[in-house]
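Subject: Structure handover

Hi,

Here is the structure for you to look through. Please open it next to this email, and then read my notes below.

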Amino acid sequence: MNPPEVAIVILNYNGRNYLEKFLPSVLASTYTNKRVIVADNASLDDSVAFVKANFPQVELILNTSNYGFAGGYNKALEQVKSDYYVLLNSDVEVTPNWIEPVITLMQQDSAIKVCQPKLLDYHRKDYFEYAGASGGWLDFLGYPLARGRVFETLEKDKQQYNDPIPIFWASGAAMFIEADVYHAAGGLDEYFFAHQEEIDLCWRVQLAGHKLYCCPASVVYHVGGGTLPKGHRKTYLNFRNNIIMLLKNLPASEKIWKIPFRILLDWAFAFKCILSGDTNSVKAIFKAHYDVIAWTKTEKAFRPVAIKPMRQLAGVVERSIVWAYFLKGRKIFTEIVQ
């Protein structure tokens with residue numbers, strides 16, 4: 001009996017250098033029943049010509065515009081039939097047997113529909129990487145963290161998070177998801193464009209009654225920040241998308257006080273930025289809040305979902321990581337969750 005088919009889909013936008021560097025490691029994956037697909041988001045460089053000339057075994061999907069991370073994947077995956085998808089960033093180096101442990105885990109427990117490997121830093125391979133580390137969590141106010149990463153603090157990998165456990169969200173840098181579940185959940189929210197769209201998707205998958213796991217027996221190395229580096233745009237998307245995600249997925253009893261509290265915390269951060277002279281971040285935060293209000297007037301706002309209290313979901317820290325990190329000085333994941 002053949003193992004399930006795994007379609008590794010790499011969304012690319014002007015990432016020719018990353019494809020040249022990291023596609024060979026993906027093609028060298030030892031899993032036998034795999035497809036490698038590059039979905040190009042209308043790149044302006046020579047990415048497509050390069051793949052055609054140098055990697056003829058790689059399938060190509062050509063999007064007609066840059067639809068962002070969310071829209072780009074949605075449009076590409078409409079054209080891909082497979083048992084499992086792997087959403088893989090172009091700036092990720094994989095290890096030869098990174099697929100087998102994840103598929104084995106997901107096959108052993110059919111309730112696990114989403115899974116991520118352990119993400120380490122490509123430049124410091126003994127440290128966790130920001131975008132997911134060893135499994136994503138969320139605090140009760142919606143701030144994301146991960147085993148091995150809290151805000152900007154990255155832990156050294158000492159095998160301390162090597163156990164496979166349920167998580168709240170899997171990193172979009174290397175996300176395994178059952179194909180049928182991706183489509184049943186409605187895919188990624190294209191309004192998000194990029195940033196936290198994978199957390200929103202994972203939240204909806206959990207609300208549908210499925211499990212999400214991290215499988216640290218699988219290891220990949222992520223460069224990070226390759227497509228959208230730090231700056232005004234990134235700040236804007238993170239603040240806007242996080243509030244929208246809470247509005248979409250929280251029960252009304254939690255929205256009524258968590259959303260105002262989160263907005264106050266955002267303003268407190270904006271005030272800190274004013275004091276430090278970072279006016280660009282202040283503008284990004286206020287634009288994000290303005291656009292959240294605009295979003296609430298769209299047809300897609302508040303679509304009905306199977307709402308559950310956060311405390312009933314896996315991977316939730318039932319305290320404020322802002323308080324723990326900035327006021328109590330707890331910088332390590334285990335210091336916060338225990």
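First, a term: a residue is buried if its relative accessible area is under 20%, exposed if over 50%, and partly exposed in between (1.4 Å probe, protein chains only). Helices (H or I, at least four residues) and strands (E, at least two) are DSSP runs, numbered from the N terminus.

Some ground rules. This is a predicted model, where local features need pLDDT of at least 70 and side-chain atom pairs count only at pLDDT 80 or more, while totals for chains, interfaces and linings use all residues. Residues are numbered from 1 along each chain as its sequence is written, and side-chain values use heavy atoms, with hydrogens and water left out.

**The strands**

Start with strand β1, residues 6-12. It is mostly covered, with seven of its seven residues buried. In a regular strand, side chains alternate between the two faces of the sheet. Look for that here: V6, I8, I10 and N12 point one way from β1, and A7, V9 and L11 point the other way.

Which strands does β1 pair with? Two strands pair if DSSP finds at least two bridges between them. β1 runs parallel to β4 (residues 84-89), joined by six bridges. There, L11 sits opposite N89. β1 also runs parallel to β2 (residues 34-40), with seven bridges. In that pair, I8 faces V36.

To get from β1 to β2, the chain passes through helix α1 (residues 16-27), in a right-handed β-α-β crossover. Right-handed means this: with the strands pointing away from you, the path from the first strand over the helix to the second runs clockwise.

β2 is mostly covered too, with six of its seven residues buried. Four bridges link β2 to β3 (residues 59-62), and the two run parallel. A39 has I61 of β3 as its bridge partner. Helix α2 (residues 47-54) lies between β2 and β3 in the chain, and the three form a right-handed β-α-β unit.

**The cysteines**

How many disulfides are there in the whole structure? The search finds zero. A disulfide counts here as a pair of cysteine sulfur atoms within 2.5 Å. C215 is in no disulfide either, with the nearest cysteine sulfur, that of C115, 5.1 Å away. Both cysteines are buried: C202 has a relative accessible area of 1%, and C215 has 5%.

Best wishes
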